[in-house]
Amino acid sequence: MVDIKNTDAAPSTIFLKDYQPPVYLIDHVSLHFDLHETQTVVTSTLNVTLNQANNELDKSLILDGQSLELLSVKIDGKVSSDKDYSCDEEHLTFTAIPDTCEIEIQTRINPQDNKALEGLYLSSGMFCTQCEAQGFRRITYFPDRPDVMSRYEVTMIGDKEKYPILLSNGNLIDKGEHEDGRHWAKWQDPSLKPSYLFALVAGDLFCKEDVFTTMSGREVTLQVFVEHENSHKCDHALMSLKQAMKWDEETYGREYDLDIYMIVAVNDFNMGAMENKGLNVFNASCVLASPDTATDADYYNIQSIIAHEYFHNWSGNRVTCRDWFQLSLKEGFTVFRDQEFSADLNSRAVKRIDDVNVLRTHQFAQDSGPMAHPIRPDHYIEISNFYTVTVYNKGAEVVRMIRNLIGDEGFRKGTDLYFERHDGQAVTTEDFVASMEDANDIDLSLFQRWYSQAGTPVLDVKTTFNEKEKTFKLDIKQSCPDTPGQKNKKPFHIPLQVGLLNKEGVDLLLELEGDTSATASTMKILEVKNETETFTFLNIHEKPMLSLNRGFTSPVKIAVQQSNDDLAFLFAHDSDDFNRWEAGQSLAMNTLLGLVENIKNNKPLSIEDNVINAFRNTLLHPDLDKALIAQALTLPSESYLADQCGVVDVDAIHQARTFMRNELAKALKDEFKNIYQQGQSNAEYLFDADEMARRDLNHICLSYLMCLQEDETIKSCMTTIEEANNMTEVLSALSILSHHDNASRQQALDSFYDKWKHDAQVVEKWFAIQAASDLPNVLEKVKSLMQHEAFTLTNPNKVRSLIGRFCAGNIAHFHAADGSGYKFLADQVLDLDAMNPQIAARLIQSMSRWRRYDEKRQGLMKAQLERIVATKGLSKDVYEITSRSLEG
């Protein structure tokens, strides 16, 4: 047993309650980079001013710094000695400086040796930066916090042959050449920004250029920079950017403010993308797309991520966070914005289903585990650990609830006031909510609990139909389970959109007792504010069918009595697309959980006819969106099934889901085959909602047919792999084939790699397919692939596609009863922690909820967590996740 509170590695905790404004402000920053692979010299000149808003008696200037070699310090032009400052591993401190002064600091760094991929580092021979959240301190000494906002001027000098492109934030104001083969460029950003938004790129890159004309008539130059071999993969990113710029003008009235907007694709990147002002740095997988190398999912994600980073120009850059506890202020709001953008451009129903699937599979799980935290946390050890589905996705749901409460027009008024009031400021979540209140004359004080309380609220709903009084009553009781550090939660303010259907499946006009609104409608938003609430609908002449939380109005769990027949009825008739899908998922969930219990009790397995008929009716429905049909036929994931169980039986869940898929395949074989054949097309690839829906439904049909292991289906897979004109259909067939042991499988995998081994993004897909395979000995295959020529532990995309996909996505094999998956993960975490703690910390979360499993698996996971936390020199990132997992 390891005493995790007494290990040498235990770092300090940072608390929201301890926030103080910065002692000094930095009005202007001048940076000079003499770029060399192993010895880059950075000279920073800071215009420092005492902050009158800070009342601290200690007027020391404390600058953050990590992995820096300090060369010299000057104060107001005078060379300083070490008597004027003190320097340790993480800080440069001045105890006595003038209230206003200029400090020049020269440091040396080694970008080539920077495998953490924070600060300035090399990726495929290119200099690039990642400064959020605290990477700027790896470049130079600075008050590396978001409430210190400065104007930056940046000069770079580099070898012209190696690095012909020199980029930074803002506008290029000057450039030139030296006689020694080096050249320089000077960039100036007119906007105030925090250090986390600083960016620099230097490399030999291809530039794809376009122009966007803003609503005021200004022309903005758009540039996408990629490695030369990827020059044909930029068009979709540029189109997505122009769509996002137009949408933000039309929806929020937000116009871009600089003369140029640049995107750079980088192969080695810890995150998806970074919204640095005017110079976005992207993971290459989130930019590059062509029909033969990218799937529909890639095109869709690129469109969304390009938009997300662009939207940050206002919701994150021009108005930013006061401190990192406010991270959801920019991320939750911007995720909501990109979700609505994607919904407007594609299928709104499918987008909502996708977003809720992420929330319920990952965020609800986080809410019920040791890493549970509010969307505005009140403490952390390492802020990088809080770039989470709670802060991002639940944060977006909280913003969505505000929109649902005040309506589209009220929300636009609130955002207009927010941007007008706080442009150029670093603010808090309270400032955001206050803008919504002031613009709409409403009180959201109870609603603020969503920001400070962790956990997923549970609504217990009872219904009563009174035939004599012609009323239908909802009695709702809300509760929220205890989470680490939080007990006895106060009631949340929860908006719930409801509808009632008659026996023909037609929506009823709703008249709510006490509702003073004059207009009758088929949907109402109920506001649950107290622990118990009662809502009564009037003039209801027959017992209705309840459709609750339409569109997933609020991120809650609902307990309501509904039979399988009720669910089948809603699955067939609900006019709300999301709730129609939800009814089908609930019907499947009930069936699967029943199968799990039968497996555990050695009882025979079967699927009720009404369940199969419900799926058949949906599959054959002539008026439903094909994309919605595909979603409806996708069974709940094993991870989500596990969250519905008291003690997770990994093997029973896997067996139950496999059985249900096989039974549906047998019962609906002819229907699946007919629809698959009807969906075949040789047309040129087109990224649009209809074509995506066709391909998605074809994939679902083929995957069910493959459960039957018939030669005809195997042949269909091989034909698609060899002849399809787009990566979506090729990868679909290959992934389906990879789960089944037959002679064609390895041949297809080998041929695929031989064809695409030159393309890093495609090879990542090849790794992921094999890591997710349902075949025995998949862990041994993963280990062997780690020795493959295309794999490297220093590239986050490769790690995520192989190790991450196995540990987080292959539930049955990762949780093998012998604990081999747990030991494998711990080995990789410890290896990675020495070079890239952020990626290591994200991987370890696959074991954080170890208490939910059977006693044997609990012991095996706990042993590996204790092994990790006892390791000397452990990073703060991994220590925080591991120690909290053990503390529970």
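**Ground rules.** Before anything on strands, I noted what pairing means here: two strands pair if DSSP finds at least two bridges between them. I also reminded myself that this is a predicted model.

**Entry: S27 and S28.** I started with strand S27, residues 494-501, and found five bridges joining S27 to S28, with the two running antiparallel.

Three strands make an open sheet with antiparallel pairing, in the order S28-S27-S30. Strand S28 (524-528) and strand S30 (545-548) are at the edges with a single partner strand each, so one side of each has no neighbour in the sheet. From one strand to the next, the twist averages 35 degrees.

**Entry: a four-stranded sheet.** Next I went to another open sheet, with four strands in the order S10-S11-S16-S13 and antiparallel pairing. Its edge strands are strand S10 (119-123) and strand S13 (165-168), each pairing on one side only. I noted that neighbouring strands of this sheet are turned by 20 degrees against each other on average, direction ignored.

Zooming in, I saw that S10 is joined to strand S11 (residues 126-130) by five bridges, and that the two run antiparallel. Ser123 stands opposite Met126 in S11.

Entry: As background, most residues other than glycine have a negative phi, and most peptide bonds are trans.

Where is Ser124 placed? I found Ser124 in the loop between S10 and S11. Ser124 is not a glycine, yet it has a positive phi of about 50 degrees. Its relative accessible area is 48%, so I put Ser124 down as partly exposed.

Asp441 made a second case: its phi is near 55 degrees, a positive value in a residue other than glycine. I located Asp441 in the loop between helix H6 (429-440) and helix H7 (449-452). Is Asp441 buried or exposed? Asp441 counts as exposed, because its relative accessibility is 72% and the cut-off for exposed is over 50%.

I also checked the peptide bond from Glu132 to Ala133, and that bond is cis, with omega near 5 degrees. Ala133 belongs to the loop between S11 and strand S12 (150-159).

**Entry: S21, a covered strand.** I picked strand S21 (residues 279-283) next, and five of its five residues are buried. In a regular strand, side chains alternate between the two faces of the sheet. So which residues of S21 sit on each side? I listed Leu279, Val281 and Asn283 on one side, with Asn280 and Phe282 on the other, and all of them are buried.

I then looked up the partners of S21. Strand S19 (residues 260-266) is joined to S21 by five bridges and runs parallel to S21. Within that pairing, Ile263 stands opposite Asn280. Strand S20 (residues 273-274) is joined to S21 by two bridges, and these two run antiparallel. Ala273 has Phe282 as its bridge partner in S21. S20 and S21 form a hairpin with four residues between them, and Gly278 in the turn has a positive phi of about 75 degrees.

**Entry: two single residues.** I found Ser191 in strand S15 (residues 182-193). Ser191 has a relative accessible area of 17%, so Ser191 is buried. Leaving out residues up to four places away in sequence, Ser191 touches Ser150, Arg151, Asp257 and Lys277.

Ala743 lies in helix H18 (residues 743-756). With a relative accessible area of 78%, Ala743 is exposed. I also checked how far Ala743 is from Lys462: their C-alpha atoms are separated by 55 Å, and the two residues are 281 apart along the chain.

**Entry: the second largest pocket.** I finished with the second largest pocket, which has a volume of about 1100 Å³. It is lined by 36 residues, and the closest to its centre are Ile14, Gln20, Asp64, His91 and Arg145. I sorted the lining by class and got 17 nonpolar, six polar and 13 charged residues.

Which strands each supply at least two residues of this lining? I noted strand S1 (14-15) and strand S4 (61-64). S4 gives the most, with three residues.

Key: Residues are numbered from 1 along each chain as its sequence is written. This is a predicted model: local features need pLDDT of at least 70, side-chain atom pairs count only at pLDDT 80 or more; totals for chains, interfaces and linings use all residues. Side-chain values use heavy atoms; hydrogens and water are left out. On a 1 Å grid over the protein atoms alone, a cavity is a set of points where a 1.4 Å probe fits but cannot get out, and a pocket is an open set with protein on both sides within 12 Å along at least five of seven lines; lining residues have an atom within 4 Å of a point. Grid points are joined across faces, edges and corners, and a volume is the space filled by probe spheres set on the points. Ala, Val, Leu, Ile, Met, Phe, Trp, Tyr, Cys and Pro count as nonpolar, Asp, Glu, Lys and Arg as charged, and the others, Gly among them, as polar. Axes are lines fitted to C-alpha atoms, for helices over the stretch in contact, and angles run from 0 to 180 degrees between N-to-C directions. Buried means under 20% relative accessible area, exposed over 50%, partly exposed in between (1.4 Å probe, protein chains only). Contact means heavy atoms within 4.5 Å.
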